Amino acid sequence: MPSWPALASQAFNGLALGSLLALVSSGLTIILGTLGVLNFAHGALFAVGAYAAFVLLQYTQSFLVAIVIGCGFMLVLGFLLERVIIRLFYDRPHEDQILVTYGVGIVLVECVRAIFGGNAQRVPTPSWGQGATQLGFLIYPTYRLQLIAIIAMLLAGLYLVLYRTSMGLVVRAGIENPRMVGILGINLRRTFLLVFAIGVVAVGLAGMLYAPVVAVTPDMGANFMAQSFVVIVLGGLGSFPGAVVGGLIAGEIVSLTSAFNSSYSEVMLYALMALLLVLRPQGLFGSEGRV
Amino acid sequence: MSLLEVERINTLYGDSHVLFDLSIRVEQGEVVALLGRNGAGKTTTLRSIMGVLAPKNGTIRLDGTPINGLAPSAIANMGVQLVPEERAIFGGLTVEENLRIAALTAPNAWSFERIYGVFPRLKERRKSLGRTLSGGEQQMLSIARALIRDARIILLDEPFEGLAPLIVRDLVNIAAGLAREGRTMIVVEQNVAAALSFATRVYGLNNGHVVFEGTSAELTANPDLARDFLGVGA
């Protein structure tokens, strides 16, 4: 039985991991919900984000500036991928979409490996996030606390875009019933470009923010992608609140289980998904209908 | 020139041929009912006009401009508006958001106040999620989405299906009011009496062919006609 401070520390780790998963999964789930495309390149884009932070930090010496430029880079990358490749696959079967996004993922990861090599790179913690913070019952790394707060703000921003703008209205309606959106005079395809780019920026940003916490390797996104698939199934496919809540639940399960026995953490996650699929196949926030 | 001219269209669902050289026309300000048995092709006719199911051949003209082959969104923006049988309310959006998204691309969109004047019930429920509405309220919202766009021609697919008689009466009154104001509509309905109460002209469909064309008065005067040709009681 781990000690209480150790458990509390793991609970905070779960929150950090969970908020990160929430951000990654939000991108995945709105792309899936709106475009109908399951983006298997999502994990690779996470790594691309982390490497973008690695490179940009060396040039700018400022974490904040690096992140802003990095977001611009991810936005352009998202636009390019949608216009040049993804767009051609909207009317193709799901197998083709999976194959092409999986292929894009492999190409991106191997490009990263070709440029930076396979060894782990280290991204330094930003100057304002050094050290640890005394929380009374527990001392916790400052940057991880900031990470949780930053991601919470980003998710709030994403919420405002989805729930307070016309584009968000079209995206939410399109996730529910794309045909009816068309019947009401809206060309949904015009929003696809923007939604895909937003999803890419979200996952890239997650990679950038997480880079100081982990070893940056070309394959670092693979595990994240697998976990975020679980998250969007937990939350309900295409559901933004589902991705957020599902991400937090998944983060806590993985972290708290590893406080007891780390080899079971993934097992517990998939066990929970299996259980939920039996009890509530549409996910926590999902409604029956579109997949 | 008629507002809407459907000329010898053939529409298929996969391999099954549903509409055969079907022709109908609708004048400005007219309410036309499409009647017929299940599977006669009524819904398919509306879907063909809306572009949801593109006809294989033939032409559909709105004000003389061919619209067949265009995307539903383009056809909607020319002023055609389908109110689908399944109502297709966005359940995760509020009533007002459902109206807002409908009005988004309409150049002459109505104000919310004007819509709520027609459907006071929707005003009371404007903050409610679509999925919490009753069947009647959903139908009102579905019609309201077409009206707020100020559609030139509204295609009503089974608007009264599955609703309680009292609610049907309210909706018929609303539809009759729109008809009096000169709103052009095509209505597909199993409830023939309800449809004839506000439609001026009727097309009878059977197996994807037009088998009857006449005024509502003619059909009401000859109940046998409805029974024989359409398998429906007037």
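How many residues does the contact take from chain A and from chain B? The contact takes 16 residues from chain A and 22 residues from chain B. This is a predicted model, in which local features need pLDDT of at least 70, side-chain atom pairs count only at pLDDT 80 or more, and totals for chains, interfaces and linings use all residues. Residues are numbered from 1 along each chain as its sequence is written, while chains are lettered from A and ligands numbered from 1 in the order in which they are written.

**View 1. The side of chain A that touches chain B.** Two residues are in contact if their C-beta atoms, placed from the backbone, lie within 7 Å. Helix H6 (166–176) and helix H7 (178–183) of chain A each supply at least two residues of this side. H6(A) gives the largest share, six residues. By class, the side has seven nonpolar, six polar and three charged residues. Here Ala, Val, Leu, Ile, Met, Phe, Trp, Tyr, Cys and Pro count as nonpolar, Asp, Glu, Lys and Arg as charged, and the others, Gly among them, as polar.

**View 2. Chain B as a whole.** Chain B has 10 helices and 10 strands. Helices (H or I, at least four residues) and strands (E, at least two) are DSSP runs, numbered from the N terminus. The radius of gyration of chain B is 17 Å, close to the 17 Å that the globule rule gives for 234 residues, so chain B is as compact as a globular protein of that length. That radius is taken over C-alpha atoms, and the rule is 2.2 Å times the number of residues to the power 0.38. The C-alpha trace spans about 45 × 35 × 35 Å along its principal axes. Among contacts in chain B with a separation of 6 or more, 66% join residues 24 or more positions apart.

**View 3. The four-stranded sheet of chain B.** Four strands form an open, antiparallel sheet in the order S2-S1-S4-S5. Strands pair if DSSP finds at least two bridges between them. Strand S2 (16–26) and strand S5 (65–66) are the edges, each pairing on one side only. Five bridges join S1 (residues 4–13) to S4 (residues 57–62). One bridge partner pair is B:Glu5 and B:Arg61. Helix H1 (residues 42–50) of chain B packs on this sheet, touching S1, S2 and S4. The direction of H1(B) makes about 70 degrees with that of S2(B). Axes are lines fitted to C-alpha atoms, for helices over the stretch in contact, and angles run from 0 to 180 degrees between N-to-C directions.

**View 4. The six-stranded sheet of chain B.** This open sheet has the order S6-S7-S8-S3-S9-S10, with mixed pairing. Its edges are strand S6 (80–83) and strand S10 (209–215). The twist averages 15 degrees from one strand to the next. H1(B) packs on this sheet too, touching S3, S6, S7 (153–157), S8 and S9 (201–206). Four bridges join S3 (residues 31–36) to S8 (residues 184–188), which run parallel. B:Val32 has B:Ile186 as its bridge partner in S8(B).

**View 5. Helix H4 of chain A.** H4(A) covers residues 94–116. Its buried residues include A:Thr101, A:Val104 and A:Leu108. A residue is buried if 20 or more other C-beta atoms, placed from the backbone, lie within 10 Å of its own. The buried residues of H4(A) pack against helix H2 (42–60) and helix H3 (63–84) of chain A. After H4(A) comes A:Gly117, with a positive phi near 80 degrees.

Terms used. The expected span of a helix is 1.5 Å times one less than its number of residues. A residue is buried if 20 or more other C-beta atoms lie within 10 Å of its own, exposed if 12 or fewer, and partly exposed in between; C-beta atoms are placed from the backbone.
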